[in-house]
Amino acid sequence: MKVALRVPLVLAFWARGVVGGIIFVHQMPECGGERLLSYDSTYKGDRRREQFFVASEWAIELIRALHTKAMLEGGAEESVAELFYIPCFFALLLALHDTASLECLVRASATLVASPIFRRNAGYDHFYL
């Protein structure tokens, strides 16, 4: 329980730039990562996905900005990290809700659950966007 209460405080300070160098970044499948933040690589050419992008562009921009900040400040060794960033955009995968995105969601979830780092504290010290 102590970890669960500490993470929101650390995240709040991190967002304000008060802490840095405490984030470990997990390796996740590419299908759920940065390409979901790019119009050309994920949405262009598929009418339904293009409409989703137009409707959600403000949220995707916000996610991109926070993701960039997390990646720049990430890089801490697992043993000294206080936060663990999961660079996988589960909400976007669920919102797209097509075969490819749901298959990616399964792969990403399996990768995370297989991680001893994630299981150590039942994921309470992890965050994703």
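User: Which residues make the nonpolar surface patch?

Analyst: Trp 58, Leu 62 and Leu 66 make it, and it covers about 350 Å². Patch residues have over 30% relative accessible area and no salt bridge; nonpolar side chains (Val, Leu, Ile, Met, Phe, Trp, Tyr) are joined within 5 Å, and like charges within 9 Å. Accessible areas come from the Shrake-Rupley method with a 1.4 Å probe, and for residues only the protein chains shown count as cover.

User: What should I know about the model itself?

Analyst: This is a predicted model: local features need pLDDT of at least 70, side-chain atom pairs count only at pLDDT 80 or more, and totals for chains, interfaces and linings use all residues. Residues are numbered from 1 along each chain as its sequence is written, and side-chain values use heavy atoms, with hydrogens and water left out.

User: Back to Leu 66. Where does it lie?

Analyst: Leu 66 is in helix H3. Helices (H or I, at least four residues) and strands (E, at least two) are DSSP runs, numbered from the N terminus.

User: Why does Leu 66 count as partly exposed?

Analyst: Because its relative accessibility is 31%. Buried means under 20% relative accessible area, exposed means over 50%, and partly exposed is in between (1.4 Å probe, protein chains only).

User: New topic. How many salt bridges are there?

Analyst: The count is five. A salt bridge is a side-chain nitrogen of Lys or Arg within 4 Å of a carboxyl oxygen of Asp or Glu.

User: Which residue meets Glu 61 in a salt bridge?

Analyst: Arg 64 does, at 2.4 Å from N to O. Arg 64 is partly exposed at 25%. Glu 61 is partly exposed too, at 39%.

User: And what does Glu 73 pair with?

Analyst: Lys 69, with the closest N and O atoms 2.9 Å apart. This pair is four residues apart in helix H3, so again the separation is about one helical turn. Glu 73 has a relative accessible area of 21%, so it is partly exposed. Lys 69 is partly exposed at 23%.

User: Why do residues three or four places apart point the same way?

Analyst: Because an α-helix has 3.6 residues a turn.

User: Which salt bridge links distant parts of the chain?

Analyst: The side chains of Arg 48 and Asp 98 meet at 3.7 Å, N to O. Arg 48 is in helix H3 (residues 47-73), while Asp 98 is in the loop between helix H4 (90-96) and helix H5 (99-113), 50 residues apart. Arg 48 is partly exposed at 40%. Asp 98 is buried at 17%.

User: Which residues are linked in a network of salt bridges?

Analyst: Arg 48, Arg 49 and Asp 98.

User: What is the phi of His 97?

Analyst: Near 45°, a positive value in a residue other than glycine. His 97 is in the loop between H4 and H5. With 54% relative accessibility, His 97 is exposed.

User: And what about Ala 122?

Analyst: Phi of Ala 122 is near 55°, also a positive value in a residue other than glycine. Ala 122 is in the loop between helix H6 (116-120) and strand S3 (126-128). Ala 122 is exposed, at 55%.

User: Strands next. Which residues cover the two faces of strand S2?

Analyst: S2 is residues 83-86. Leu 83 and Tyr 85 are on one side, Phe 84 and Ile 86 on the other, and all are buried.

User: How does S2 pair with S1, in what sense?

Analyst: Strand S1 (residues 23-25) and S2 pair in the parallel sense, over three bridges. Two strands pair if DSSP finds at least two bridges between them. Val 25 has Tyr 85 as its bridge partner in S2.

User: How many bridges join S2 to S3?

Analyst: Three, and these strands run parallel. Here Tyr 85 has Phe 127 as its bridge partner in S3.

User: Last one: H5. What should its 15 residues span?

Analyst: They should span 21 Å at 1.5 Å a residue, and the end C-alpha atoms are 21 Å apart, which agrees. The expected span is 1.5 Å times one less than the number of residues.

User: Which residues of H5 are buried?

Analyst: Ser 101, Cys 104, Leu 105, Ala 108 and Leu 112. They cover an arc of only 105° around the axis, so they are on the same side of H5. That arc is of the directions from the helix axis to the C-beta atoms.

User: And which are exposed on the other side?

Analyst: Thr 99, Val 106 and Val 113 are exposed there.
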